[in-house]
Number of protein chains: 2
Amino acid sequence: MKIAENTINRLIVYKKELNRLATDGLSNVYSHKLAHLSGFPSHLVRRDLMNVGYNGSPAHGYNVTELEKCIADFLCTPESVRVILVGVGNLGRAILDYCQQQNPKISIVAAFDKDKNKVNKVYHSIYTFHIDSVKNYIKENNIDVAIITVPAAEAQEIASALVESGIKGIVNFTPVRLQVPAEVYIENLDMMLGLEKVVYFVNGD
Amino acid sequence: MKIAENTINRLIVYKKELNRLATDGLSNVYSHKLAHLSGFPSHLVRRDLMNVGYNGSPAHGYNVTELEKCIADFLCTPESVRVILVGVGNLGRAILDYCQQQNPKISIVAAFDKDKNKVNKVYHSIYTFHIDSVKNYIKENNIDVAIITVPAAEAQEIASALVESGIKGIVNFTPVRLQVPAEVYIENLDMMLGLEKVVYFVNGD
DNA sequence: TTTGAGTTGTGAAAATTATCACAATGTGAG
DNA sequence: CTCACATTGTGATAATTTTCACAACTCAAA
Ligand SMILES: NC(=O)c1ccc[n+]([C@@H]2O[C@H](COP(=O)([O-])OP(=O)(O)OC[C@H]3O[C@@H](n4cnc5c(N)ncnc54)[C@H](O)[C@@H]3O)[C@@H](O)[C@H]2O)c1
Ligand SMILES: NC(=O)c1ccc[n+]([C@@H]2O[C@H](COP(=O)([O-])OP(=O)(O)OC[C@H]3O[C@@H](n4cnc5c(N)ncnc54)[C@H](O)[C@@H]3O)[C@@H](O)[C@H]2O)c1
């Protein structure tokens with residue numbers, strides 16, 4: 001069945017909130033609570049959970065750990081995903097740090113840069129290789145996903161090289177709209193767009 | 001008329017691409033080209049432009065600068081928007097830097113932190129105040145929009161304080177789903193969600 | 001002047017997405 | 001046991017969003 005992108009977004013949020021509830025020791029949760037935590041209406045929560053095929057009980061709602069696992073399975077989250085990061089600048093290093101504190105199943109396994117001062121250094125316990133070795137690294141380690149945090153002017157060239165080497169998904173932090181083949185999935189996380197959106201909804205609506 | 005959030009997202013992208021085209025000296029653009037640059041189908045581009053009420057010509061397409069202005073007006077982008085940032089850490093400083101290179105109409109005018117070593121310092125030419133003064137600052141300067149880059153554990157408390165002082169929109173970089181009144185607009189930019197989404201679309205679909 | 005190529009604008013149809021409303025269900029109190 | 005209650009799951013409906021398809025238009029060349 002085809003699932004809408006928005007549904008995927010919400011499922012990921014549910015999963016994270018469920019994980020937190022589990023950490024807090026909760027064993028059950030009702031759709032209203034999950035709705036409140038994630039910020040979506042409760043009937044959407046139930047509809048979404050229908051999609052993943054998990055059944056709760058009217059008496060106890062949903063089992064927190066079971067539902068979390070069920071969503072994870074649905075999202076096909078493999079046991080471990082290895083990701084690389086290109087561009088060990090201010091933003092890149094902040095992300096290297098952040099990523100380790102989060103989802104342990106997804107980990108950044110290598111960083112790449114062209115600056116001689118950064119190559120062969122370790123930032124937040126991740127080794128930085130020279131950018132020239134990225135193609136080999138991707139092929140030899142079968143990497144599917146990359147994070148791009150190089151300067152805007154370099155972004156397209158890097159993206160093309162990554163795709164050529166077999167990268168299938170990119171998280172793009174640069175303000176450039178990358179031109180890649182349709183089968184490569186791009187997630188654009190440009191802060192400026194987010195900021196403009198907030199300005200729009202605050203001002204006008 | 002009510003405009004869908006996705007439409008707003010796309011309009012912001014069009015605007016940015018138009019700005020780039022103008023910088024490159026282009027004066028006209030066809031829907032197909034704008035579609036290619038922004039990554040959306042051309043009929044959606046035309047439909048979106050219908051919403052903003054701009055008319056192109058079949059012969060020359062759209063006038064780049066006029067259309068850019070028209071979209072900006074439609075988005076109600078005021079001449080200048082002043083934004084504050086809370087949490088001058090790794091990510092916060094990267095954003096302070098980034099924001100200055102981008103849209104000159106939107107500027108970060110002050111940063112706030114609780115760390116004595118950072119207070120009263122200037123990062124990327126933006127002055128850092130103590131967090132205790134944020135409420136007064138917001139009220140006295142009539143600030144509507146804030147960026148939150150404090151540690152996750154502090155995020156909710158900070159958000160509540162900001163809202164209490166009159167903030168109407170927040171760009172939230174922490175992984176916490178902030179609980180705020182419905183009239184406050186929140187844009188969540190959690191990298192981890194983006195990464196999980198890419199993993200989903202790369203793996204399964 | 002006429003034709004042809006290429007584009008816009010948009011009504012109408014299709015597809016998708018969200019909301020509503022309620023029957024079905026399990027629970028615990030009396 | 002029975003009843004009242006709160007919650008789930010889902011068919012039906014409403015609303016939104018996208019896609020299709022083509023008439024109308026502009027220009028340039030013959
Ligand atoms: N999405 C956001 O919120 C956000 C925030 C800040 C910055 N940015 C963007 O992220 C990017 C990086 O920002 P930053 O502040 O970290 O910049 P930076 O200059 O600090 O870092 C860029 C890094 O990329 C490296 N690099 C340059 N060219 C390279 C190449 N061809 N191959 C490999 N490495 C290369 C540089 O050596 C440097 O280490 C920029 O495009 C910026 O616009 C986005
Ligand atoms: N969205 C993303 O892509 C992304 C990436 C990296 C980090 N993050 C998140 O962003 C946040 C910041 O990350 P970071 O790496 O910059 O962390 P950091 O520890 O480097 O910075 C946090 C800053 O907040 C300040 N601070 C703490 N409590 C405060 C308070 N009550 N009031 C004001 N200032 C306070 C600290 O002094 C510090 O300067 C974290 O929540 C992290 O999870 C998000």
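I started with helices at the DNA. Helix 3 (42-52) of chain A and helix 3 (42-52) of chain B each supply at least two residues of the surface near DNA strand D. Helix 3 of chain B gives the most, with four residues. Helices here are DSSP runs (H or I, at least four residues; strands are E, at least two), numbered from the N terminus.

Housekeeping before I go on: this is a predicted model, where local features need pLDDT of at least 70, side-chain atom pairs count only at pLDDT 80 or more, and totals for chains, interfaces and linings use all residues. Residues are numbered from 1 along each chain as its sequence is written, chains are lettered from A and ligands numbered from 1 in the order in which they are written, and side-chain values use heavy atoms, with hydrogens and water left out.

**DNA strand D**

I looked up the neighbours next. I get 22 residues around DNA strand D, and the closest are S31(A), R47(A), G56(A), A4(B) and R47(B); near means that a heavy atom of the residue lies within 4 Å. By class they split into 10 nonpolar, seven polar and five charged, with Ala, Val, Leu, Ile, Met, Phe, Trp, Tyr, Cys and Pro as nonpolar, Asp, Glu, Lys and Arg as charged, and the others, Gly among them, as polar.

Then I checked polar contacts (N or O pairs within 3.5 Å). For G56(A), a polar backbone atom is 2.4 Å from a phosphate oxygen. P58(A) has a backbone N or O atom 3.3 Å from a sugar or linking oxygen.

**Ligand 2**

I moved on to the small molecule. Of the 24 residues around ligand 2, D113(B), K118(B), V150(B), L189(B) and M191(B) come nearest. Residues from chains A and B surround ligand 2, so I noted the site as shared between chains. Helix 7 of chain B gives the most to this shell, with three residues. The shell divides into 13 nonpolar, five polar and six charged residues.

For oxygen atoms of ligand 2, I found the K118(B) side chain with an N or O atom at 2.6 Å and a backbone N or O atom of L91(B) at 2.9 Å. A polar backbone atom of F173(B) is 3.1 Å from a ligand nitrogen.

Key:
A polar contact is a pair of N or O atoms within 3.5 Å; within protein, one must be able to donate a hydrogen and the other to accept it, and residues adjacent in sequence count only if both atoms are side-chain atoms.
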